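Reader: I am new to this structure and would like a close look at one part of it. Please take me through it step by step.

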Amino acid sequence: MVRFTCKDEASATAFDALVGETIEAIRQHEPGTIVYASHQVDGQPLQRIFYELYRDRDAFDAHEQTEHTRRFLAAREELLASVEVDWLRLQSGKGTTS
């Protein structure tokens, strides 16, 4: 899970466009990416949260090496005030294999 805080409203608009392009490429080219969702945060117009779920570590590593992901990582820097990453380990849930 990743929380992004954009610099300002113009940056948020540009970030959303970049995310849309990136997610389309993920849909088309990453069968090992199970979920890649971008969320707006109610009451926090400059924040976005990504929830990402990969088949396994190899699928995540493959995702990180794609051209569209590398382009996203480089282009986002000028748009963001901060990035917070949380690595999650499944404890229990519905719709999971554990």
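Where is the place of Ala25?

Author: Ala25 has its place in helix α1. Helices here are DSSP runs of H or I with at least four residues, strands are runs of E with at least two, and both are numbered from the N terminus. This is a predicted model, in which local features need pLDDT of at least 70, side-chain atom pairs count only at pLDDT 80 or more, and totals for chains, interfaces and linings use all residues. Residues are numbered from 1 along each chain as its sequence is written, and side-chain values use heavy atoms, with hydrogens and water left out.

Start with Ala25 itself. Its relative accessible area is 14%, so Ala25 is buried. Buried means under 20% relative accessible area, exposed means over 50%, and partly exposed lies in between, with a 1.4 Å probe and protein chains only. Set aside the neighbours within four places in sequence, and Ala25 is in contact with Glu30 and His68. Contact means heavy atoms within 4.5 Å. Ala25 and Gly43 are 18 residues apart in sequence, and their C-alpha atoms lie 29 Å apart in space.

Now move along the helix. Ala12 is also found in α1. Ala12 is buried, at a relative accessible area of 5%. Not counting residues up to four places away in sequence, Ala12 touches Cys6, Pro45, Leu46 and Arg48. Take Arg48 from that list. Along the chain, 36 residues separate Ala12 and Arg48, yet their C-alpha atoms are 8.7 Å apart.

Arg48 has a charged partner too. Arg48 forms a salt bridge with Asp16, with the closest N and O atoms 2.8 Å apart. Arg48 lies in strand β3 (residues 44-54) and Asp16 in helix α1 (residues 9-29), so this pair ties together parts that are 32 residues apart in sequence. A salt bridge is a side-chain nitrogen of Lys or Arg within 4 Å of a carboxyl oxygen of Asp or Glu. Arg48 is buried, with 5% relative accessible area. Asp16 counts as partly exposed, at 27%. By this rule the count comes to seven salt bridges.

Take α2 and its Arg57. Arg57 bridges to Asp61, with 3.1 Å between the closest N and O atoms. The two residues are four apart in helix α2, so about one helical turn separates Arg57 and Asp61. Arg57 is exposed, at 52% relative accessibility. Asp61 is partly exposed, at 33%.

Next comes α3. Here Arg70 forms a salt bridge with Glu67, and the closest N and O atoms are 2.7 Å apart. Arg70 and Glu67 are three residues apart in helix α3, so again about one helical turn separates them. Arg70 is partly exposed, with a relative accessible area of 41%. Glu67 is exposed, at 53%.

How do α2 and α3 sit together? Two packed helices are described by the angle between their axes and the distance between the axes. The axes of α2 (residues 57-65) and α3 (residues 67-76) come within 5 Å and cross at roughly 65°. Axes are lines fitted to C-alpha atoms, for helices over the stretch in contact, and angles run from 0 to 180 degrees between N-to-C directions. The two helices are therefore roughly perpendicular to each other. Under 35 degrees counts as roughly parallel, over 145 as roughly antiparallel, 65 to 115 as roughly perpendicular, and the rest as oblique.

Look at the residues that meet. From α2 come His63, Glu64 and Gln65, and from α3 come Glu67, Thr69, Arg70 and Leu73. By class, this contact has one nonpolar, three polar and three charged residues.

Thr66 lies in the loop between α2 and α3. Thr66 is buried, at 16% relative accessible area. Its side chain reaches the backbone oxygen of His63 at 2.9 Å. A polar contact of 3.2 Å joins the side chains of Thr66 and His68. A polar contact is a pair of N or O atoms within 3.5 Å; within protein, one must be able to donate a hydrogen and the other to accept it, and residues adjacent in sequence count only if both atoms are side-chain atoms.

That leads back to the opening residue: His68 is one of the contacts of Ala25.

Notes:
Ala, Val, Leu, Ile, Met, Phe, Trp, Tyr, Cys and Pro count as nonpolar, Asp, Glu, Lys and Arg as charged, and the others, Gly among them, as polar.
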